[in-house]
Amino acid sequence: MHSLCQRLAVLLILSVSFFASSTQAAVLAIDYGTDFMKASLMKPGVPFDVLLNKDSKRKIQSSVAWKDTERLFGQDAFNLATRFPQSSFNSLKYLLGAPANADVVSYYTTISTTTLVATTRFTAGIHKGGRYTQDIEELVAMQLAYVRHLAEDVAQEPVRDVVITVPPYYSQFERDAVADAVEIAGMRLITLINDGTAVAVNYAMTRTFPEPERHIVFDVGASSTRATVVTFSSSGKKQDATQIVVNGIGYDRVVGGTELDRRLREILLAEFERKHGRVIREDKRAMAKLWKETGRVKAVLSANADATAMIESLVDEIDFKAKVTRAEFEEACADIKDAFVRPIYDALDNAGLTLDDINSVILMGGSSRVPMVRAALANAVGEDKIAKNVNSDEAAVLGAALHGASLSRQFRTKDIKITDIMPHDVQVSYLAETKHDGPGVRPRTITSTAFAAGSKTGTRKTLTFRRKDDFALAFAYKEAPAGEFPVELLEARIAGVKEALANITDGGGVDPIIKATILLSESGFVSVPEAFAYADIKDDSIAGKLKGFFGDGSSSSSTEDPFTDPASASTTSESDAPKSTKAVTTKTSITIPLNVTVKFTSVAPMSVEQKREARDRLIDMERKEAAKAQREEQRNTLEGYLYRIRDLLDGDETQPFIKCSKESERQSLERKLTEVSNWFHREAETADTVDFIGKRSILEAIEFPVMHRFIEIQEFPQALNNSQMWNWHTRLFLTEAKAALAEEEKSGTQGKYTREELDALEKTLKDHETWLNEWVEKQKSVKMNEDPVIETSEMRARAERLEKHLQRLVQKKPPKPKKTNSSASGTATSAAPAESGSKGHDEL
């Protein structure tokens, strides 16, 4: 793995920041998993690798917990569940964007000891006491903020830009939840990237593809199993760029490592009930202990035929011990064995390919190491197609970091172009405009496909309507993306139509239409970024009338509600849309932007106010934690300082502190040490940061003068030697320069230095020598326990003044030689040939 990172670092060694120093140059990538999260930082000058946590681990448990008022993260938070199961929150990825009644919420209650409640948005949340309910996004934001702080410690600057990996099947509700968590954590989301696609980027970074290759990224994670069919090929004029095209996606939202853990825990529960005749499912602490032990036993069974589970005091001081065999475990999971590989077949069907078209299956995810899963995979695709050439834990986060670096425009990386897809069908509906108003007239609903499953992300389409008044576009999934998830996404209301049409008519526009742009972003979000009214201007010229009479080659629809089917709508670029709220008029057309307001019709993302409140709470917690950490640091500093002062006072006469201090100073320090030590033992638990700093300052006021004497004694020889060295250099320079000046004065030439300059330097030298000799003699009579009469800092400063004066003369440029009269020399030169050539000719 480290060799791979080194190769990637070489590829990125030319990374260049194109912005001013005030612009943030760091990009953070986070692979947020159900059990673990990994992070990587891209910053010029920082080695490209996976971030380490405070325990120097390369992956961080996706957990957050409270111990009284103290927040814990990572493994510490996960371990706390065995003591305080209601205060430790794990596997929160299941709940992101999920409605409170969703199947995944019910499933979560079978694997977690956390008590869930419904939020005001009818999503799953955590009850925090009183009337306050905490959104899952806020808890996830705390984990992301923890990773951000780790990155900032490495970057030595604020880190704001972030790329997050998500499963490819994530709905817009879940993607919105991730985006909200990022914002609450104080970061800016560059993009979401599907985890299979991120692995593909990492795979392509160190490889070339002379011929197209197709691979399947097979990811068996904790909460789900995903398969992504990817085609790699070379592109560009010089074939130096790599094209990554996602052809198909398959997934199972339930089958994964967590489901294996759940079934293994059932085996242990049954064994406990058989041995002790007790049911402990309602004991949250016991269930948390069992869950933790289950993870350990599963890891052992991956390498051994059997394992022994041991839990001290599982419940009521009962120690639990049970032996589990791999065969017993696999029998309990037999019904889902084939489900692990079904996503591969689904992805191939989705891509219209077969296994014969695939070069290899790239393994990802921690649960891909489970023997039963590996056996099922080998049986499905053949052992020869299974590739183990990426780091199954870190490829996704490294690929996400590389992708984020390429998007930030601050780095120069290998040119990799990505084409990803969305696995869900999205439909758009609206009410047809009625021709006749009256009782009993009900408008007809028109529904069409906006983005079909398999549509490329980043697709932008333009829908064309003939409307006379405001209307709304409703977007919905054709089928629910998961059990009990809603299908309704959002409603975009387009307003200002009537006024825009009136303005177009006044401006000479004819046959106006309404155009709405719909977008499937690179992150997988469906939106309506803009809408506008458009019309051609009537041409009253003879040529225009003839063109109108014979037709301009285009057809206009006159149906009741002409609607351009999104599936066949033309794709426009962002630059095709108006950028102003004012009417845009050309010689041939008029364009007037319309107002687009969005309303979420089912699971809404957090509102701006909700995110602001959550962000304020997070900032307040971080501020209090920083203050607490500072207090503990000052407390520990004072405690250590007290021990150090005691050691100094207890030293013998050979110790520097004793030599450099007076008896009165040691007695005074002894009294203050006793006083502060007594205070510390009485008040340390309740004292604040200022108190600790103040008490340390009392002792430092006595100790620092003593230590200053010792430091001055140590540094004096070097400072004296430095001063004398510059005296010698200056004296040597003056001797040579004066000799040269004397010769120049005799010959009448102008030299490099003037006598005034050399006299000024000599005066500076003599002043320095006089001062140094006087004060060095005084310092010789000073005892070690007395303050020095000459400070080494002043000696260095005076020597530096002499050095700078000398350097100014040494670096002085010599004067340029005087130019001779060119015209006079030219006349003299031309006269000589004339004189010699005048022989035989009389001068006129």
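Student: Which residues in α4 meet which residues in α15?

Tutor: Keeping in mind that this is a predicted model, you can find E138, A141, M142, A145, R148 and H149 on the α4 side, where they meet A614, R615, R617, L618, M621 and E622 in α15. The residues of this contact divide into six nonpolar, one polar and five charged.

Student: At what angle do the axes of α4 and α15 cross?

Tutor: The axes of helix α4, which covers residues 136–155, and helix α15, which covers residues 608–649, cross at roughly 45 degrees and come within 11 Å. Angles under 35 degrees count as roughly parallel and those from 65 to 115 as roughly perpendicular, so α4 is oblique to α15. As for the hand of the crossing, α4 passes α15 in a right-handed way.

Student: How is α18 oriented relative to α19?

Tutor: Here the angle is again the place to begin, and helix α18 (residues 689–747) packs against helix α19 (residues 755–780) at about 155 degrees, with the axes 10 Å apart. An angle over 145 degrees counts as roughly antiparallel, and therefore α18 is described as roughly antiparallel to α19. The crossing of these two helices is left-handed, and their contact has 11 nonpolar, six polar and six charged residues.

Student: Where do nonpolar side chains tend to be in soluble globular proteins?

Tutor: In general, nonpolar side chains in soluble globular proteins tend to be buried together. In this model the largest nonpolar core has 99 residues, and those with the most contacts inside it are L28, I30, L92, L144, L473 and F475. Helix α4 gives the most to this core, with 12 residues. Apart from it lies another core, of 49 residues, including I280, M287, I311 and L314.

Student: Which residues does L92 touch, if residues up to four places away in sequence are not counted?

Tutor: With those sequence neighbours set aside, L92 touches Y32, V64, Y108, I136, L139, V140 and Q143.

Student: Is T591 buried or exposed?

Tutor: To answer this, compare the relative accessible area of the residue with the cut-off, since buried means under 20%. T591 has a relative accessible area of 12%, so T591 is buried. This residue is found in strand β28, which spans residues 589–593.

Key
Residues numbered from 1 in each chain as written. Predicted model: local features only at pLDDT ≥ 70, side-chain atom pairs only at ≥ 80, totals over all residues. Heavy atoms only, no water. Axes fitted to C-alpha atoms, helices over the stretch in contact; angles between N-to-C directions. Helix = DSSP H or I, 4+ residues; strand = E, 2+ residues; numbered from the N terminus. Left-handed = near helix turned anticlockwise from the far one by under 90°. Contact = heavy atoms within 4.5 Å. Nonpolar A, V, L, I, M, F, W, Y, C, P; charged D, E, K, R; others polar. Core = buried A, V, L, I, M, F, W, Y, C linked by side-chain atoms within 4.5 Å. Buried < 20%, exposed > 50% of the residue type's maximum accessible area, 1.4 Å probe, protein only.
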